[in-house]
Amino acid sequence: MKRLIILAFVALCATTLRAQTMEEIVAAVEARSTHLEALRHSAEAQTLGNRTDIYLSGPEVEFHYLWGNLDGMGERADVSVRQSFDLASLFGYKRRVADSQNRLVELDYKAERIALVLATQKLYIEMVYNNALREAVAERAAYAERIAEAYERSLTEGTANVLEYNKAMLNRATINGELTRLDVAIRDLHLQLSTLAGGDTLRVATTEFPLISVPSSFEEWYSECERTNPVMEYARGEVELGRRQLQLGKAANLPDIAAGYMHENIRREGYHGVTVGVSIPLWSAKNKVRQARAAALAAESRAEDTRVRFYNDVLSRYQRTIGLQTTAEEYRKALGETDNQALLEKAFMEGAISLLDYILESELYLDALQRTLEAERDYALSAAELSAYAM
């Protein structure tokens with residue numbers, strides 16, 4: 001009894017695993033993706049790297065021990081401590097540049113995560129399409145098997161001719177070949193999903209396409225999309241980085257200041273006091289401001305170009321999705337109105353139509369079903385791509 005309970009529990013778990021929704025599959029991939037984990041570690045390293053040069057340089061400590069070359073001169077000992085101050089660090093220009101760079105690193109990671117989510121959603125939709133088509137083909141295969149077995153018996157009994165028998169065998173072989181092709185495609189899609197999930201096995205058994213909402217008002221939806229999309233955020237971030245790098249370039253023309261303390265001891269006579277120094281960048285900062293200004297201008301031009309391209313891309317995708325939605329609905333409606341499979345099988349069994357007529361009519365229906373599933377798949381894929389703009 002205990003063994004039966006355990007087996008029933010395992011079967012229930014397996015069923016639950018195979019019946020996961022698209023949201024659950026996406027969450028599992030995000031949690032297990034080795035690619036996303038590698039990107040996360042890389043982003044952390046870049047973030048730390050951008051902040052390594054924002055602090056003041058360390059203090060300098062010097063000790064001099066000198067002896068004279070004549071008798072009676074004695075020895076001399078000097079000790080000095082000095083700290084340099086570059087104004088770019090003091091005013092926070094380096095820190096602001098690092099903050100802008102780190103924001104771009106975050107946006108890069110966000111864009112990669114969205115790409116992973118979209119790839120997972122597309123695989124899920126393709127699996128649903130293949131599962132639904134396989135289910136329909138499997139039903140036909142089962143019936144084609146029964147027809148083939150019936151004709152084998154009839155041929156043995158002498159009540160069927162060879163031509164009809166050959167048609168039944170060819171029909172069975174054709175449908176079984178299509179079934180095998182779909183099995184291979186489904187296994188390949190599961191392998192791709194496993195790769196995204198870091199090698200873990202995830203199964204999709206449903207034949208229902210996910211419901212992905214399409215915004216009714218494009219302009220209102222687009223305003224929010226433009227505000228949060230990492231592509232647009234990145235373009236704006238580059239402009240901000242360019243401005244801060246221009247500030248840093250201007251600060252490079254300011255002198256560096258050094259201050260410290262020095263003690264000098266000669267034959268029991270001591271001198272001590274403060275030291276001050278100034279480093280004037282006469283040549284090292286040449287053209288830095290020009291380069292920073294040109295880079296800032298280039299970032300602004302790229303941002304405007306990105307905005308125009310982004311708007312047109314999103315609008316094109318939105319219009320295509322709406323069109324595909326209408327097409328899918330029309331296909332599904334027409335298929336529902338012309339579903340004569342039950343009547344077709346009954347007519348064949350009663351001898352009202354020939355085997356050839358039955359095969360041709362079945363192929364027409366299966367072709368119509370495949371076109372309907374393709375239309376629904378294309379709509380779901382386009383809707384997923386559209387929703388990715390607002391992730």
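Strands here are DSSP runs of E with at least two residues, numbered from the N terminus. By that rule W67 belongs to strand β1. Keep in mind that this is a predicted model.

So is W67 buried or exposed? Its relative accessible area comes to 63%, and since exposed means over 50%, W67 counts as exposed. Strand β1 covers residues 60-67. On the surface there's a nonpolar patch made of F63, Y65, W67 and V79. Taken together, these residues have about 490 Å² of accessible area. Strand β1 is the top contributor to the patch, giving 3 residues.

## Helix α8, end to end

Helix α8 runs over residues 230-251.

At the start of α8, N229 puts a side-chain oxygen within 2.9 Å of the backbone nitrogen of V231. Quite a few positions along α8 are buried, among them P230, M232, E233, A235 and G237. Further along, the buried set also includes V239, L241, G242, L246, G249 and A251.

E233 is one of the residues in α8. With a relative accessibility of 17%, E233 falls under the 20% cut-off and therefore counts as buried.

Which side chains does the E233 side chain meet through polar contacts? One is the side chain of R103, at 2.6 Å. The other listed here is the side chain of K110, at 3.4 Å. If you skip neighbours within four places in sequence, the contacts of E233 are R103, L107, K110, R227 and T228.

## Helix α3 and its cap

Helix α3 takes in residues 34-50. The length check works here too: 17 residues at 1.5 Å each should span 24 Å, and the end C-alpha atoms are 24 Å apart, which agrees.

What caps the N-terminal end of α3? That's S33, with a side-chain oxygen 3.4 Å from the backbone nitrogen of H35.

## R371 in helix α11

R371 sits in helix α11, which spans residues 355-388.

Technical notes. Residues are numbered from 1 along each chain as its sequence is written. This is a predicted model: local features need pLDDT of at least 70, side-chain atom pairs count only at pLDDT 80 or more; totals for chains, interfaces and linings use all residues. Side-chain values use heavy atoms; hydrogens and water are left out. Helices (H or I, at least four residues) and strands (E, at least two) are DSSP runs, numbered from the N terminus. The expected span of a helix is 1.5 Å times one less than its number of residues. A polar contact is a pair of N or O atoms within 3.5 Å; within protein, one must be able to donate a hydrogen and the other to accept it, and residues adjacent in sequence count only if both atoms are side-chain atoms. Buried means under 20% relative accessible area, exposed over 50%, partly exposed in between (1.4 Å probe, protein chains only). Contact means heavy atoms within 4.5 Å. Patches are made of residues with over 30% relative accessible area and no salt bridge: like charges are joined within 9 Å, nonpolar side chains (Val, Leu, Ile, Met, Phe, Trp, Tyr) within 5 Å. Accessible areas come from the Shrake-Rupley method with a 1.4 Å probe; for residues, only the protein chains shown count as cover. A salt bridge is a side-chain nitrogen of Lys or Arg within 4 Å of a carboxyl oxygen of Asp or Glu.
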